[in-house]
Amino acid sequence: MSAEAITQKVGNIWGGGTRPFNVRYGKMMMWFFLISDAFTFATLLIVYGTLRFSADWWPEPLNVFNTIPGVHGNSYPLVFVTIMTFILIVSSVTMVLAVYDGHHGNKKGVIKWMVYTIIGGAAFLGCQALEWTHLIHEGLSLYFNPFGPDGLVTKEAVMAGTAVAGPTHFGQLFFFITGFHGTHVLSGVVINIIILVNTVNGVYEKSGDYEMIEKVGLYWHFVDLVWVFVFLLFYLI
Amino acid sequence: MADTHAHGHHHEESFISKYIFSQDHKMIAKQFLITGIIWGVIGGLMSVLFRLQLGWPLEKFPILETLLGHWAEGGQIVPEFYYALVTMHGTILVFFVLTAGLSGTFANLLIPYQIGARDMASPLLNMLSFWFFFLASAIMFYSLFLPHGPAAGGWTIYPPLSALPQAIPGSGDGMTFWLIAMALFIVSSLMGGLNYVVTILNMRTKGMSMTRMPLTIWAIFFTAIIGVLSFPALLAAALLLIFDRSFGTSFYLADIFIGGEALPQVGGSPILFQHLFWFLGHPEVYIVILPAMGIVSEVLSTNARKPIFGYMAMIYSILGITFLSFIVWAHHMFMSGLNPFIGSIFMVLTIIIAVPSAVKVFNWIATIWKGNIRFTPAMLFAIGFVSTFIAGGVTGIFLGNSTIDIQLHDTYFVVAHFHIVMALSAIFGMFAGVYHWYPKLFHGRMMNSHMGYLHFFATLLTAYGVFWPMHYIGMAGVPRRYYSFENFTTFNQFDGLNAFISACAIIGFAAQFIFIANFFLSIFWGRKSKTLNPWNSNTLEWTTPLEHFHGNWPGEIPEVHRWAYDYSKPGAENDYIPQTTPLTEEELKEPAHH
């Protein structure tokens with residue numbers, strides 16, 4: 001039996017004045033979870049910093065992320081990742097609108113904006129898949145980094161001693177950290193879909209309480225915020 | 001409490017929902033406690049086995065071969081198994097007994113009871129927390145029986161022993177299972193911790209302001225916060241380690257040669273892992289000790305029949321310890337090649353922890369000073385806690401000095417220090433809690449006091465018998481983690497001392513069965529307490545009926561009017577005033593802490 005059910009049976013479980021911070025336990029729990037998760041990401045980014053600064057040389061992001069899938073040539077530094085970032089930030093905006101409509105009990109509005117948010121998240125994941133595919137195609141892996149001091153090199157050339165490879169940590173950290181973030185986005189999309197289905201089925205309409213939208217919204221904004229740091233560290237500096 | 005059963009049983013629960021997948025905090029507390037006790041026996045038995053080797057390194061014990069097979073060929077433990085034992089002893093005791101067993105038991109039992117809530121904020125998450133812990137336990141237990149043995153690179157799982165599956169026998173499957181079990185453990189701890197924090201903040205009964213909460217709850221609150229903030233670092237570190245192990249990355253590996261062949265991994269840093277590990281590892285020791293401190297505060301005050309001395313100072317010192325626990329981790333790494341300047345910063349921060357710790361110790365002593373002390377088994381263990389915390393804390397000042405640590409690091413001095421200050425103290429706190437709250441756990445049954453006294457004195461004497469001599473052999477330079485000292489003639493003079501330590505360890509381990517017998521027999525045959533409140537305590541849990549049912553109080557949750565420590569108040573009728581008693585006219589005029 002859940003605490004709520006008992007509450008309803010016996011009366012107000014709180015009865016002790018206003019709740020601290022005036023939030024219910026679910027939302028507060030989400031905040032503490034996000035703080036905890038922030039520490040996980042912070043740890044990973046500290047690892048990134050440590051290994052990057054202990055390397056002799058590090059590839060210039062402008063020379064690595066310089067293509068757009070489907071467009072010929074490699075003279076578009078950071079254009080594609082800017083689009084990805086824009087999509088993710090817009091999906092945060094649509095999430096805000098979903099929460100806003102939830103506060104006003106507007107079921108249709110919630111559904112509309114949740115759908116847009118899910119599309120945004122899925123689009124971001126698609127872009128990330130394209131980018132990963134492209135980098136893997138160029139030769140980046142956990143064991144080899146083709147972005148050397150003298151430009152793009154092949155594994156064969158490095159084996160033959162005619163070219164110098166970049167630090168392998170670049171690829172390892174890139175795949176690990178963007179992958180870890182992508183997993184968060186993926187779980188966010190899945191959670192958003194569950195919430196959307198619940199909304200469509202009128203679960204929150206019945207309870208008259210759309211706080212669940214706000215809770216998943218918090219998670220979604222957090223995932224976006226983390227991306228800002230990943231973007232800064234991998235793509236900008 | 002005449003209407004105890006009036007609203008009690010709102011519906012019959014099935015066996016499974018009542019005893020197995022229970023969402024009731026009291027049942028979950030019992031599940032954590034009993035799992036913790038089982039782990040305690042396993043972990044303790046391991047220490048007996050490796051103490052046999054250390055105490056009588058040349059002796060053969062044929063029974064060991066019968067029991068352990070090829071791990072004790074010819075009756076002597078083989079080195080690989082010795083290292084596995086030491087590793088698993090640390091892992092089990094630190095995480096499975098003193099983190100899950102201690103926090104899991106008392107946070108679950110006491111938070112809803114003492115703050116006046118029907119259950120945890122999320123009973124479902126609470127249940128999942130136990131079952132993730134159980135799954136972690138099952139996997140860790142299974143790893144003991146792997147063909148090449150469990151993890152054997154030390155409980156700190158430093159790379160490269162943990163990162164290269166081919167390094168030592170325990171680095172293979174044993175290490176993989178260790179990592180899987182710990183990942184589940186972290187999930188369990190996160191779910192529990194979130195629940196504890198949110199329940200304490202949000203579910204308190206009317207009148208239970210933060211500064212009226214018993215110190216147990218304050219301690220558990222900060223313990224949970226430490227867990228929520230520090231375990232993520234281990235999670236991230238373990239994920240990276242899994243990649244190093246399984247996918248050939250080189251986050252922690254550099255310049256390794258095996259059989260003359262260089263491994264492809266370059267540029268990683270094993271020191272990086274140490275930083276990440278100890279960012280969890282140091283706060284972890286406070287996760288272990290803080291709940292014990294909370295329990296001891298409560299038990300000392302109740303059984304000395306005196307208000308806790310310096311209630312606010314206690315809270316601020318827990319807060320101070322919590323904050324400092326996050327910025328001292330590198331004192332475990334003074335000898336890892338740390339920049340001496342960084343070392344001196346960590347040294348200063350480390351030694352500052354002595355201040356809030358000393359505040360607490362003096363407050364405990366002042367609490368029992370001139371008290372009307374009742375020497376219950378719980379009280380003895382609480383006093384024992386203060387003793388061990390002082391004895392172990394003093395050597396922390398030595399080890400916190402980076403210069404002295406050059407001599408003392410990785411010797412038995414360190415083993416003695418952290419076992420006394422953290423392991424013994426925490427286990428004493430846990431025993432105090434079990435003896436004290438046993439009537440609440442098992443429907444008013446009490447544990448046998450005489451067996452309790454015997455258990456206490458046997459434990460106290462043998463524990464000091466084990467760890468006191470270790471200071472001396474540590475100062476003489478005897479290194480920890482060594483399988484045998486037979487090749488070091490200088491250390492032969494300590495053979496007698498080592499045998500003495502081992503004898504004490506074996507007797508101490510045997511003495512724990514007094515407790516275990518007492519614990520399990522009392523469930524069925526323990527003396528029934530005549531009142532709801534056998535210790536005449538002030539806190540809310542003693543106002544609940546003996547029979548457990550989901551929801552704790554049959555009627556309304558009682559309202560709280562005062563703090564938890566109105567013992568022996570001048571002018572009062574009894575020497576205790578429960579928190580539910582309204583303030584009198586005179587008390588309302590006092591400027592005190594209500």
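Q: Buried, exposed or partly exposed: which is B:Phe134?
A: B:Phe134 has 16 other C-beta atoms within 10 Å. Buried takes 20 or more other C-beta atoms within 10 Å of a residue's own, exposed takes 12 or fewer, and partly exposed lies in between, with C-beta atoms placed from the backbone. B:Phe134 is therefore partly exposed.

Q: What kind of model is this?
A: Residues are numbered from 1 along each chain as its sequence is written, and chains are lettered from A and ligands numbered from 1 in the order written. Local features need pLDDT of at least 70 and side-chain atom pairs count only at pLDDT 80 or more, while totals for chains, interfaces and linings use all residues, since the model is predicted.

Q: Which helix holds B:Trp131?
A: Helices are DSSP runs of H or I with at least four residues, strands are runs of E with at least two, and both are numbered from the N terminus. B:Phe134 sits in the run 123-143 of chain B, helix α5. B:Trp131 also has its place in chain B, in helix α5.

Q: How many residues does chain B bring to the contact with chain A?
A: Two residues are in contact if their C-beta atoms, placed from the backbone, lie within 7 Å. Chain A gives 36 residues. From chain B come 42 residues.

Q: Which element gives the largest share of the side of chain A that touches chain B?
A: α1 (3-10), α2 (25-54) and α7 (168-200) of chain A each supply at least two residues of that side. The largest share is 16 residues, and it comes from α2(A).

Q: How many nonpolar residues are on the side of chain A that touches chain B?
A: Ala, Val, Leu, Ile, Met, Phe, Trp, Tyr, Cys and Pro count as nonpolar; Asp, Glu, Lys and Arg as charged; the others, Gly among them, as polar. That side has 12 polar and three charged residues. Its nonpolar residues number 21.

Q: Which residues touch the most other members of the largest nonpolar core?
A: A nonpolar core is a set of buried Ala, Val, Leu, Ile, Met, Phe, Trp, Tyr and Cys residues joined through C-beta atoms within 7 Å. The largest one has 230 residues. Helix α4 (79-115) of chain B gives the most to this core, 23 residues. The residues touching the most other members are B:Val197 and B:Ala432.

Q: Roughly parallel or roughly antiparallel: how do α2(B) and α4(B) run?
A: Axes are lines fitted to C-alpha atoms, for helices over the stretch in contact, with angles from 0 to 180 degrees between N-to-C directions. These two axes come within 8 Å and cross at roughly 160°. Under 35 degrees counts as roughly parallel, over 145 as roughly antiparallel, 65 to 115 as roughly perpendicular and the rest as oblique. The pair is therefore roughly antiparallel.

Q: Where does B:Asn552 lie?
A: Phi of B:Asn552 is near 65°, positive in a residue other than glycine. With 23 other C-beta atoms within 10 Å, B:Asn552 is buried. B:Asn552 lies in chain B, in the loop between β4 (527-528) and α17 (585-589).

Q: What is the phi of A:Leu78?
A: A:Leu78 lies in the loop between α3 (61-64) and α4 (79-103) of chain A. A:Leu78 is partly exposed, with 16 other C-beta atoms within 10 Å. This residue is not a glycine, yet its phi is positive, about 65°.
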